[in-house]
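Subject: Structure handover

Hello,

Here is the structure I said I would pass on. My notes follow below it.

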Amino acid sequence: MELMQTARKGHHFISRCIMIMIIVMIAYGAYTLLCDVNKPRPVVVRAGQATLQAEIAETAEQRYKGLSDRTSLTDNQAMLFKFEGDDKWEMVMRNMSFPLDIIWLDKDKKVVHIEHEVQPDAEPYEIYKPKVPARYVLEVAAGVAKKSSIVKGAKVEFTTEATQ
């Protein structure tokens, strides 16, 4: 009788361990899926003479974080902020550790405003915004806009389903 009770306890213990492992696996799967969803997607951007590998920041969380976790950006890297509509979207250098050129684009992907060599700052953050509504903001390493002849009025090219 005692042997059967010990066997039942062992069986219950194994069942509980298997159940916990299944729950952990499901939670991990959900976590990795959420991480992929919140990770900016890559896109090729052609602006002036530059061909850039940009990450699209299209969710509120991605736009808030922006490039703040980076220590640098190469001349062929960028972040493309996609907004739901046209507005005078404000940008700040929150938790940044390197300077940027900030380029605003309208719905037709034409440059409407550029801030050159924007330096990282501390609170209260300086606010940068265009004088006219924009749909996208492209952030590149400081100096890239001038080196690549990205100027106001220039057409910028990028193609992805999410930006149509």
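Helix 2 gives four residues to the lining of the largest pocket, the most of any element (helices, H or I, at least four residues, and strands, E, at least two, are DSSP runs numbered from the N terminus). This is a predicted model, where local features need pLDDT of at least 70 and side-chain atom pairs count only at pLDDT 80 or more, while totals for chains, interfaces and linings use all residues. Residues are numbered from 1 along each chain as its sequence is written, and side-chain values use heavy atoms, with hydrogens and water left out.

The pocket holds about 270 Å³ of space (on a 1 Å grid over the protein atoms alone, a pocket is an open set of points where a 1.4 Å probe fits, with protein on both sides within 12 Å along at least five of seven lines; lining residues have an atom within 4 Å of a point). Of its 17 lining residues, Arg63, Tyr64, Phe81, Met91 and Arg94 are the closest to the centre.

The largest nonpolar core has 41 residues, and Val45, Leu80, Ile103 and Leu138 touch the most other members (a core is a set of buried Ala, Val, Leu, Ile, Met, Phe, Trp, Tyr and Cys residues joined through side-chain atoms within 4.5 Å; buried means under 20% relative accessible area, with a 1.4 Å probe and protein chains only). Strand 6 gives the most to this core, six residues.

Valine 111 lies in strand 5 and is buried, at 2% relative accessible area. Beyond four places in sequence, its contacts (heavy atoms within 4.5 Å) include Ile103, Trp104 and Val156.

Regards

Notes. Buried < 20%, exposed > 50% of the residue type's maximum accessible area, 1.4 Å probe, protein only. Points joined across faces, edges and corners; volume = space filled by probe spheres on them.
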